[in-house]
Amino acid sequence: MELKEALSIYEAEKSWIWGTEFAQIYEPDSQKPPKKITVEDVSKKRSMDLRLLYGVAYGHSWFGKWGYKFCRGSFGVAEYNYNKAIEILSSLELDQIIQDFSNTDQCRDIKQIIRHCRNMSETQLVTIKDLLRFMLTVKFKFVL
C-alpha cells in the first residue's frame, strides 16, 4: 500500500493508527518520500506528553527514531523556538534544579527521585536530559 493511498484511507475513515504502524507504512529512507506528513502526536507517559519527554531526553520526538522531525515545531511554537527550548531544558543541571526548588514543598520529593535514579544508574546523571533518558529506559516504581 502506498503512503498516499494509506493517508487517503485514513482521511476517509477518520481513524487513528499507532505510530509504529505509521512508521511501517512509510520509511523515511524510501526512494519516494513525501515532502510533508502531518501527524498528531498524542502519546503520553502517564500524564506527561511523550513528545516533550523524548524531546528533552533525546533531542527529538519519539517518532524521531524513524527519521521524522517537526517542520513547524510543537505545542504551537515555531520550530526554532521549540528546538531552542528543548536545548535549554536538556542542559539543566540536576544539582541546580534541587537548589532552585530548595524552598518549595516539592524539594524533598525531587531530591529523593534524583537520588534514587542516581543510585540505580550505571552512568553519572548530571542533567535533566540524563535523568529523563534513564527514566524512560528503566522500569521501576518510586516509593515516596
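Biologist: Which residues is Leu131 in contact with, leaving aside its neighbours within four places in sequence?
Modeller: Leu94, Ile114, Cys117 and Leu125, where contact means heavy atoms within 4.5 Å. This is a predicted model: local features need pLDDT of at least 70, side-chain atom pairs count only at pLDDT 80 or more, and totals for chains, interfaces and linings use all residues. Residues are numbered from 1 along each chain as its sequence is written, and side-chain values use heavy atoms, with hydrogens and water left out.

Biologist: Is Cys117 buried or exposed?
Modeller: Cys117 counts as buried because its relative accessibility is 0%; buried means under 20% relative accessible area, exposed over 50%, partly exposed in between, with a 1.4 Å probe and protein chains only. Cys107 is buried too, at 8%.

Biologist: How many disulfides, then?
Modeller: The count is 0, taking a disulfide as a pair of cysteine sulfur atoms within 2.5 Å.

Biologist: Back to Leu131. Which residues have the most contacts inside the largest nonpolar core?
Modeller: Leu94, Ile128 and Leu131, in a core of 21 residues. A nonpolar core is a set of buried Ala, Val, Leu, Ile, Met, Phe, Trp, Tyr and Cys residues joined through side-chain atoms within 4.5 Å.

Biologist: Other topic. Where is His60?
Modeller: His60 sits in the loop between H3 and H4; helices (H or I, at least four residues) and strands (E, at least two) are DSSP runs numbered from the N terminus. His60 is partly exposed, at 31%.

Biologist: And what is His60 in contact with, leaving aside neighbours within four places in sequence?
Modeller: Tyr54, Gly55 and Lys65.
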